[in-house]
Amino acid sequence: MEFWRGSVFYEIYMKSFQDSNGDGLGDFKGLTNRLDYLADLGIDGIWLTPFYPSPQVDNGYDVADYCAVNPDYGTMTDFRAFMKEANKREIKVIIDLVLNHSSTEHAWFKESRSSKTNPKRDYYIWREKPNNWESFFGGSAWELDDLTNEYYYHSFAKEQADLNWSNPAVQKEMEDVLAFWLNEGVAGFRLDVINNLTLVLEFPDNPTENGEMNHLYDRNQQGLEAALEHIAEFCRREQETFLVGEISSDNLTEIARYSSKKMLDVTFNFNFGSVEKIDAESVFASLNAMENELQAGQWPTLFFGSHDMSRFTSRLANENFSKTKLLAFLMLTAKGIPFIYYGEEMGMPDIDFTSVDEMRDIQGISAYYQALERGDSSDNALEIAVRKTRDKARGPMVFPDGEPFTTGESWIKSASLPEKEAKSMWGFYQALLTFRKENDFKEKEYSYLKLDGELLSYRRGNFLFFVHFGAEPVIYTPKEKTTLVFGEAMIEKMSISIAAYSGIALRVED
C-alpha cells in the first residue's frame, strides 16, 4: 500500500509558521524547532509552500531559482537539518513546485528576453501581437517587453512568465529540478496550477460570456496528460513519490481526469473544499460524486482550508467551534487524503483587514486598485479586496504553549483567537488523529454512504461514522452490536442520541 493512502498531511505556509531569528518571517530553523509539536499532534506528512529564492510578488509562487533556499527562510544546511529531524520523527515531506511559470527574475527569463535569437528565447512564450487572453489575476495575460518589442505570456502576474512546455529543453530543465529535490529526500511534490501547463499554440481568442472570460484555450489542453505521465514516470523511476496536483477548476470531472496510476496520485477537490456554504446534503452529494468520478483505486483529497482560501472556521462555521470540530471530524474520517492547513487545529479564524495597506497578497491589492480604476469608492474597493485577498488565511501561527510566532514584528497582522476554545480545539484534533492512527479504517473503502435528514453516515471496515449537521439532537438505533469509540453521545438501552453539530464513531462488534 502506498505510504500516502493512509496519511494525514499538514500544510505549512512558510512565512507564517515559526520565526527563529526575530525578522518576522517563518524559517527552517523555526520549523525544525516545532517538529515535536507536529509529531505530538499526530500528522504523518508536511506540505511546504514555496521556499525558493523569489521576489515575493506572489508570496513565493514566483520562483527565481528552483534549486536553492530563499535566505529569508535559511540555507540549504538548514533545510537538510529540517529533513533529517523530520525523518527521525517518521514525518514525510512534500514540497510545492511551480512548473507552469517562473519569476521574471529567473536567469532563464533574463536570457530569454535578451534577444530573439538567444538559445533560451523559447523557454517562454513570446508573440508579436497579443490575443484576448486574460490573466487569472485580472487584466491582459500579455506584457510588452521593450527590449525586443514582443509580448510574453503570463497566466498570473506579469512577474510570473509562463514556461513553454512544448520545448523539450524546458522539460529537461524541470527533470533536473525534480531530481535535485528527490535527491534531497523529499517524498513528493504538490504541483501548482498544473493544468495550465499546455496551451493551444495557435492562440485563438478565448470566448467571453456575460463579460467573463471562458478560459477555453489556455488550460486543460492537448498534451497535458502526456506531460503528466512523463513527470510521474520520471519521479517514480527509483522511489515511491507522492504527486499532488492543483487543478485550477472546481469541475470534478476535470479534476478527476488527471488522477490515475500513470499520472498524479491525487488532485485537489476544490468543488468540495473551497465552497462558501456547507450542509449535510451538499457534503453527501460531493462525497458521492467523488466516488462516481474517480477511477477505481483512486482517492479524493479532503480539505476545507489552504493558503488560497478563507479559513473554514470563519467561512463555513461562522466561528462556531462545534461546527468547526464537526467538519474536522468529517475530514479525518471520510474516505480520502486529509490536508490540515496550519492553525486549523487551533481553530484559527480569518484576519480582519481595515485597510489595503495591511494586505500583502497581490490578488487582493490588484483587485483594490482595479476597482478604483473602474470608479468604485475606496470603501467598495476595500470590500472587493477583502473578498479577493488570500491573506485572510495567512496570519502567524498560534501555538497552544503561548510562545509567540516571532520576537520581532510579523510580516503580516495576526488573527485574534480565544485561548480556551483554541486549546479545546487542539485537544480534539490530537485525540482524533490518535484515534485515526490506532485504527485501520483509514485505508478502507466505504461499505455504504447515506444521508438521513441532517445525519450523514458511512461505514469503513468495522467502523460506523455519523456526522450530524442538525441544530437538534437526533436518535440512532444500531441494528448491530456497537461500541462508542470516538465522540460523545447519550446511550440509552439500544438508542444513541447524537448531539447537534457533532460526529461520533462506533465500532461494530463481532
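This is a predicted model: local features need pLDDT of at least 70, side-chain atom pairs count only at pLDDT 80 or more; totals for chains, interfaces and linings use all residues.
**Strand β15 and its partners**

- Residues 337-341 make up β15, and 5 of the 5 are buried, so the strand is largely enclosed by the rest of the structure.
- One partner is strand β1, residues 9-12, which pairs with β15 in the parallel sense over 3 bridges.
- Within that pairing, Phe-9 has Phe-339 as its bridge partner in β15.
- Strand β14, residues 301-302, also runs parallel to β15 and is joined to it by 2 bridges.
- Here Leu-302 finds its bridge partner in Pro-338 of β15.

**Helix α5: geometry and ends**

- Helix α5 covers residues 168-183, and its 16 residues should span 22 Å at 1.5 Å a residue; the end C-alpha atoms are 22 Å apart, which agrees.
- Just after the helix comes Gly-185, which takes a positive phi of about 100°.

- The buried residues of α5 are Val-170, Met-174, Glu-175, Val-177, Leu-178, Trp-181 and Leu-182.
- They cover an arc of only 160° around the axis, which puts them on the same side of α5.
- An α-helix has 3.6 residues a turn, so residues three or four places apart point the same way.
- Facing away from the buried side of α5 are the exposed residues Pro-168 and Asn-183.
- The cover over the buried residues of α5 includes helices α3, α4 (107-114) and α6 (224-235), along with strands β3 (92-97) and β9 (188-191).

**Ala-64 and its surroundings**

- Ala-64 sits in the loop that links β2 (45-48) and α3 (76-88).
- Glu-105 is 41 residues away from Ala-64 in sequence, while their C-alpha atoms are 5.5 Å apart in space.
- With neighbours within four places in sequence set aside, the contacts of Ala-64 are Pro-53, Ser-54, Pro-55, Ser-103, Glu-105, His-106 and Ala-107.

Key: Residues are numbered from 1 along each chain as its sequence is written. Side-chain values use heavy atoms; hydrogens and water are left out. Helices (H or I, at least four residues) and strands (E, at least two) are DSSP runs, numbered from the N terminus. Contact means heavy atoms within 4.5 Å. The expected span of a helix is 1.5 Å times one less than its number of residues. Buried means under 20% relative accessible area, exposed over 50%, partly exposed in between (1.4 Å probe, protein chains only). The arc is that of the directions from the helix axis to the C-beta atoms. Two strands pair if DSSP finds at least two bridges between them.
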